[in-house]
Amino acid sequence: MINWKVKEQGFCPDQMINNGNKFLIGNGYMGVRGTLEEFRKEELVAINLAGIYDRAGEGWREPLNAPNGLYTLLKVDGEVYSLPGAAPKEHCIGLDYRRALFSRKTTWKSPRGNVTIQAERFASLEEPHLLAMKYCILTDFHADVELITGIDADVWDINGPHYDAFSFHEEAGRLIAVGTTHESRDQVCVAEGCQTNFISEHKLHIDDRSIMRRMSFVTDAARSFEVTKWIAVYTSKDSDDFEQQAIRLVNDHMKSGYEASRCAHIRKWEEKWAVSEVMIEGDDEAMEALNYSLYHLHSIAPRHSDSLSIAARGLSGQTYKGAVFWDTEMFMLDFFLYTEPEVARTLLRYRIDTLEGAKNKARSYGCEGAFYAWESQEGGYDACSDYNVTDVFTGRPMRTYFKDKQIHISSAVVYGIIKYIDYTGDYSILLEGGAETIIECAKFYYSLLLKKVNKNCYELHDVIGPDEYHERVNNNGYTNRMAKYTFDQAVWVLDKLCELQEDVSERICAMYEREKLKQQFEDASQKLYIPQPDEKGIIEQFDGYKTLEDVSVETVKARLLNEKEYWGGAYGVATHTQIIKQADVAAWLALFPTDFSKDILLANWHYYEPKTEHGSSLSACMYALLACKCDMPDRAYPFFIKSASADLTGHGKQWAGLIYIGGTHPAAAGGAYMTAINGFGGLHFKDGELKVKPQLPPTWKKLRFKIRHRGVLYQIDETHDDMLIKKCEG
Ligand code: BGC
């Protein structure tokens, strides 16, 4: 039986930041960190908003955190009862991830008796602008209570402050805070409404960073004193009428009541699980970690939009600048494609709509076509800076080349679009900008090809592959293979456009010199150098990789002078060695297993895995997938568990140099799903048909999952030696 609850008993200050991620709730529009109601920016409270960014001064551009309408502080007999300040007698926080409900219960011993706070909250999946909370106070004596609750606009920022000004006011009992951002003068509005099951004296208190009501009342031991809070968040990007909409939403929900909104929210989650829950008989740990990962993916899916993507740290805060990386297409896409293809379309639409940004970026490097942002924000703006890491010793920014050289990003966009088309059979995306996107990405790679005078092949030089510890290398196998893939897909698109014979496709064909481009791409695909296995079957990650120092991960780690030191860059401990940050050749082989024989796949798994630090949460699942392709589900298993439990354990890296990079890990969550379904489940498509080839880990007795394929929902049951694919009713 699956236990859908994650809990933490007792209060441990060291876990505060981690718990913010682990107990996160969200609905794609906003993510609310798993922090307590009395917490403030020092405890990294964040109501992180999707797709709206700001830049303050010279700092990095990052997504906005909304003012915190959940804020509530309890005073009893004049004393503050809050964490982390006052040590509790008992404390527990929990996340019911089936129903996406966060809860806390804390009891303190006061001089006159016990004081307990019990609270529950959710970010409505039904209504993306809505947060709701029930907060109860229980005492076993007549306590003089002052409850301060309202909107705390002193938000946590990494590179803020992002709000130049706030306006606060009260309107018919609703508290309203509107912040205006620094760069683009966007406005973020939070409206809060509050209902109680008791009578109290109210006083309104407004200062330059908050609007609060102070309620005074006396409790008795017989009952619970309940405060229900409704919080609506809107921005000027949502509508011109954002403030009135926020107030209306609060009012409507106050009328229908907490239970009604909670039920609607839970119903929505049930709808999601009805399609996406994965059952594993024989391994509860794996089943729970996997479904918990899927919970996170659901919580950040941008269902409120038709053109938006997911940030590398989801909606857990401003780390990684709230930017979109290759993580979305290469790691998260499959989950949405199989369970909610409309979301997959929204993610890809974001790339199509940011094509102009990618073309500008290519142009700025003197290239043609589309070079997608390594760290993409709205409009395709590349948030990646030239100095993305700070040296821990000197405190100086280090020149890194992620933005300039990680050219494999464009191929990830192509990969996503093609996968969507293959899977859904929906060609309309090609005619809505998908075709141009693919062609422009191919043009970009074409403009980068180098031809040596004495060789009849093309090369790609001065790049960074997935392994970021080795910058500016030549002929990274993964990159070259993905560029070849892009050329092939562009050729396919150019043919397909003719076949579709729609006005739009004719227009696109006329726009490009179709025949000429096709020939160029065909030639490029044929002649692009793809590193081949040596006599031992090993594919060199990039030119000269094998000449680097051959040492173990432990040796390299032992050379660190500071645990936060960055391993790559000019002087990093890994730079001059064969130690790599994450799956690179392994990623290539996991994506294209038919490029080589199984022996070659296996040889490379064994060669590269011990050389991999797994310093990125994107690494483990690629090794797990490749292990499955090599018929080694037992070897895949620990990597799968690592991926699936990335946010349960919180063991991921927290620092890159002096930069905090913590948060949730949706790519690892998506990678765990890919491993379970494509790897262990062996799901694949042949001639448009669903097929499976079970590769279950030894302890798994049965794997059951559902997927939507071309409009039909299927349930798939697999054991070690049997399988059943059946259509679901309805
Ligand atoms: C990894 C990248 C990844 C990024 C965001 C980096 O540490 O090396 O591959 O895209 O994190 O998750």
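**Notes on the ligand shell and an open sheet**

1. Let's start with the ligand: the shell around it holds six nonpolar, two polar and three charged residues. Here Ala, Val, Leu, Ile, Met, Phe, Trp, Tyr, Cys and Pro count as nonpolar, Asp, Glu, Lys and Arg as charged, and the others, Gly among them, as polar. Do keep in mind that this is a predicted model, where local features need pLDDT of at least 70 and side-chain atom pairs count only at pLDDT 80 or more, while totals for chains, interfaces and linings use all residues. Residues are numbered from 1 along each chain as its sequence is written, and side-chain values use heavy atoms, with hydrogens and water left out.

2. Who stands around the ligand? The residues include Ala312, Phe325, Asp327, Trp374, Glu468 and Lys581 (a residue is near if one of its heavy atoms lies within 4 Å).

3. Now look for polar contacts (pairs of N or O atoms within 3.5 Å). An oxygen atom of the ligand is 2.6 Å from a polar side-chain atom of Gln582. For Trp326 the distance to a ligand oxygen is 2.9 Å, and for the side chain of Tyr320 it is 3.2 Å. Of the 310 Å² that the ligand exposes when taken alone, the protein buries 96% (Shrake-Rupley method, 1.4 Å probe).

4. Elsewhere, four strands make an open antiparallel sheet in the order 2-3-4-5 (strands are DSSP runs of E, at least two residues, numbered from the N terminus; two strands pair if DSSP finds at least two bridges between them). Strand 2 (25-26) and strand 5 (62-65) each have a single partner strand, so one side of each lacks a neighbour in the sheet.

5. Strand 3 (residues 30-32) is joined to strand 4 (residues 47-54) by three bridges.

Conventions
Polar contact = N/O pair within 3.5 Å; in protein donor to acceptor, adjacent residues only side chain to side chain.
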